[in-house]
Amino acid sequence: MTNPPICNYEGSDYQKSFWEQGGRAYEDRAEAIALKRMLPKFGKLMLELGAGAGRNTPRYAGFERIVVLDYSTTQLAQAQERLGRSDKYIYVAADVYRLPFLDGLFDSATMIRVLHHMADAPRALAQVRNVLQPGAVFILEFANKLNFKAMMRYLIGKQKWSPFTLEPVEFVELNFDFHPKAVRQWLAGLGFSIEKTLTVSHFRLGLLKRLIPAGLLAALDGLFQPTGALWQFTPSVFVKAKMGGENKQREIPLEVLDLFKCPECGGEDLQDKTDHLLCPSCQSRWAAHDGIYDFRETMK
Ligand SMILES: C[S@@+](CC[C@H](N)C(=O)[O-])C[C@H]1O[C@@H](n2cnc3c(N)ncnc32)[C@H](O)[C@@H]1O
């Protein structure tokens, strides 16, 4: 089965242009508040899916080890610059639709600002489910099609698509907004139970962001975030989901090599060949370069 297309950030200056120079200090701080409310204080092995340049990674400091995963190696290189290379961070280039990890491995995962690039969101979420332990915490952020602005635009006839229907809307190629109910249904179908919902970025308005300091606006956002338990009309929604009990649970291996499975054949005994990992079952070779395990394509 072929995988859905990937929104490729290779060579992108996303971190700089969108976050650092893009006037998004308010959104960044509001997300930090939401994450703090949802993250377990401690944990052993966290999987950060679509980590980009590692903007959020320092917020997971309570975890012993963090797998920083992204499809783009240039994003991962930026994450390395920010976080450094140490035993705490394991940098992995891979496709969310084809994760190279043993089933039932992680005690926590986050996926922030990534689902909106998924043309087949349920399939991506199923991959995440497979690699989580029973009881693991999964923090998912998604772009909400049922946001206030979209509803207003639809009701006055300025927008063709309905924010009220359950199917995702692709507003720009490979950029999707989702209905909160659809996301809840997908998660429930995969065996997750939702423990908390926070609405984030209530005040994403140019005028307010210009007039009110980012820290103050984010603090106000923080006051409103718990209303997400009742209704969700913000552009961004955070969900804390807990993995049900049926999945496999693994001892978390000490050796990095033992976290992986071959994404081609599922073989679990990859061998370290210094500049690559070899799968003895299907002979696939996966590059290991510049501190990054690269599971996107087999080596030629
Ligand atoms: C909008 S950025 C968000 C980065 C980071 N989570 C943040 O909030 O700052 C989306 C990231 O998802 C990654 N991505 C998109 N599709 C992916 C896929 N199929 N597999 C792995 N990463 C993917 C991109 O490379 C990009 O770094």
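Let's start with the ligand: the shell around the ligand is made of 10 nonpolar, six polar and four charged residues. Keep in mind as you look that this is a predicted model. Which residues come nearest to the ligand? Out of the 20 residues around the ligand, those are Tyr9, Gly50, Gly52, Tyr71 and Val96.

Now move over to strand S1, which covers residues 43-49. Is S1 mostly covered or mostly open? It's mostly covered, with five of the seven residues in S1 counted as buried.

Strand S2, residues 63-70, runs parallel to S1, and six bridges join the two. If you'd like a spot to look for in the picture, find Gly43: its bridge partner in S2 is Phe63. Then there's strand S4, made of residues 106-111, which pairs with S1 as well. That pairing is again in the parallel sense, this time over four bridges. Here you can pick out Leu47, whose bridge partner in S4 is Ala109. So S1 pairs with S4 through four bridges and is joined to S2 through six, because strands count as paired once DSSP finds at least two bridges between them.

Finally, hop along to helix H8, residues 214-224, where you'll find Ala219. Why does Ala219 count as partly exposed? Ala219 has 14 other C-beta atoms within 10 Å, and a residue is called buried only at 20 or more and exposed at 12 or fewer, so Ala219 falls in between. As a last stop, take Ala219 together with Phe42: they sit 177 residues apart along the chain, and their C-alpha atoms are separated by 24 Å.

Key:
Residues are numbered from 1 along each chain as its sequence is written. This is a predicted model: local features need pLDDT of at least 70, side-chain atom pairs count only at pLDDT 80 or more; totals for chains, interfaces and linings use all residues. A residue is near a molecule or strand if its C-beta atom, placed from the backbone, lies within 6 Å of it. Ala, Val, Leu, Ile, Met, Phe, Trp, Tyr, Cys and Pro count as nonpolar, Asp, Glu, Lys and Arg as charged, and the others, Gly among them, as polar.
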